[in-house]
Amino acid sequence: MLTSSIGYMILRTFPESIVTIFCGMLLMGIKLDNKEILKKGFLLGVIVIAIRSLPINFGVHTILSMIALGIMLYKMSKGDLLRVVISTCLFFIALAMSEGIYIFIATTLLSIPIEILTNQDGPISAIRTLPSLLIAIGIVFLLKKLVMENVNQYIKRG
């Protein structure tokens, strides 16, 4: 079970959910609309906070969050299941990579102790981890160019 303060969950989850929706729409090729991104991001944030509050083993919340994102992207794409599955997986890979890259940069280049980065006790801890979301966006732009263009060509060929 995840143990985070409510302040940490709110300050980390809502920006992460907005980035998640933005990146999902970007990977899917769905027209980006700021109002839609914020609205769906807030809804995803509420869902993710509810999931993280459940008494489940660590890791299960990630799968449930992927399913929630997949359902939202599926509805926004009007039923493009293959792209939804690929986009959802690519985003969570990008998110995991961005966390690793940020921890490497923060601990080696900025000399921030790992304990500070992994502490989930309060709002300051959440704010310290937000730069990883910018890295995730950069990785998603690369994945869109390198992977999704090939997926789109493959799907068009049948």
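Buried means under 20% relative accessible area. Keep that cut-off in mind as you go through these close-ups, which come from a predicted model.

**View 1. Serine 65, tucked away in helix 3.** Start with serine 65, which sits in helix 3. Its relative accessible area is 7%, so serine 65 counts as buried. Who are its contacts? Leaving out residues up to four places away in sequence, serine 65 touches Val48, Ile51 and Phe92. Val48 and Ile51 also turn up on the helix 2 side of the next view.

**View 2. Helix 2 against helix 3.** Two packed helices are described by the angle between their axes and the distance between the axes. For helix 2 (residues 34–53) and helix 3 (residues 60–76), the angle is about 155° and the axes are 10 Å apart. Angles over 145 degrees count as roughly antiparallel, and helix 2 and helix 3 are therefore roughly antiparallel to each other. Their crossing is right-handed. On the helix 2 side, the contact is made by Lys40, Leu43, Leu44, Ile47, Val48, Ile51 and Arg52; on the helix 3 side, look for His61, Leu64, Ser65, Ala68, Leu69, Met72 and Met76. Sort the residues of this contact by class and you get 10 nonpolar, 2 polar and 2 charged.

**View 3. Helix 1 against helix 3.** Helix 1 and helix 3 pack at an angle of about 50°, and their axes are 11 Å apart. How do helix 1 and helix 3 lie relative to each other? They are oblique, as the angle tells you. The crossing of helix 1 and helix 3 is right-handed. From helix 1, Thr20, Ile21, Gly24, Met25 and Met28 come up against Leu69, Met72, Leu73 and Met76 of helix 3. This contact of helix 1 with helix 3 has 7 nonpolar residues, 2 polar and no charged.

**View 4. Helix 3 from end to end.** Helix 3 is 17 residues in length and reaches 25 Å from its first C-alpha to its last, close to the 24 Å expected at 1.5 Å a residue. Which residues of helix 3 are buried? They are His61, Ser65, Ala68, Leu69, Gly70, Met72, Leu73 and Met76. An α-helix has 3.6 residues a turn, so residues three or four places apart point the same way.

View 5. Lysine 78 is in the loop between helix 3 and helix 4. Its phi is positive, about 60°, although lysine 78 is not a glycine. Is lysine 78 buried or exposed? With 76% relative accessibility, lysine 78 counts as exposed.

**View 6. Helix 4 and what covers it.** Helix 4 has 29 residues and spans 41 Å from first C-alpha to last, close to the 42 Å expected at 1.5 Å a residue. Its buried residues include Arg83, Ser87, Phe91, Phe92, Leu95 and Tyr102. Among the elements covering the buried residues of helix 4 are helix 1, helix 3, helix 5 (114–118), helix 6 (123–129) and helix 7. Helix 4 and helix 7 (residues 131–157) pack at an angle of about 145°, with axes 8 Å apart. The crossing of helix 4 and helix 7 is right-handed. By class, the contact of helix 4 with helix 7 holds 21 nonpolar, 4 polar and 2 charged residues.

View 7. Serine 111 lies in the loop between helix 4 and helix 5. Here phi is near 55°, a positive value in a residue other than glycine. Serine 111 has a relative accessible area of 57%, which makes it exposed.

View 8. Leucine 27 belongs to helix 1 (residues 6–28). Its relative accessible area is 0%, so leucine 27 is buried. Leucine 27 and serine 87 are 60 residues apart along the chain, yet their C-alpha atoms are separated by 5.7 Å. Not counting residues up to four places away in sequence, leucine 27 touches Ser87, Leu90, Phe91, Val140, Leu143, Lys144 and Met148. Ser87, Leu90 and Phe91 are themselves among the buried residues of helix 4.

Notes: Residues numbered from 1 in each chain as written. Predicted model: local features only at pLDDT ≥ 70, side-chain atom pairs only at ≥ 80, totals over all residues. Heavy atoms only, no water. Axes fitted to C-alpha atoms, helices over the stretch in contact; angles between N-to-C directions. Helix = DSSP H or I, 4+ residues; strand = E, 2+ residues; numbered from the N terminus. Parallel < 35°, antiparallel > 145°, perpendicular 65-115°, else oblique. Left-handed = near helix turned anticlockwise from the far one by under 90°. Contact = heavy atoms within 4.5 Å. Nonpolar A, V, L, I, M, F, W, Y, C, P; charged D, E, K, R; others polar. Buried < 20%, exposed > 50% of the residue type's maximum accessible area, 1.4 Å probe, protein only. Expected span 1.5 Å × (residues − 1).
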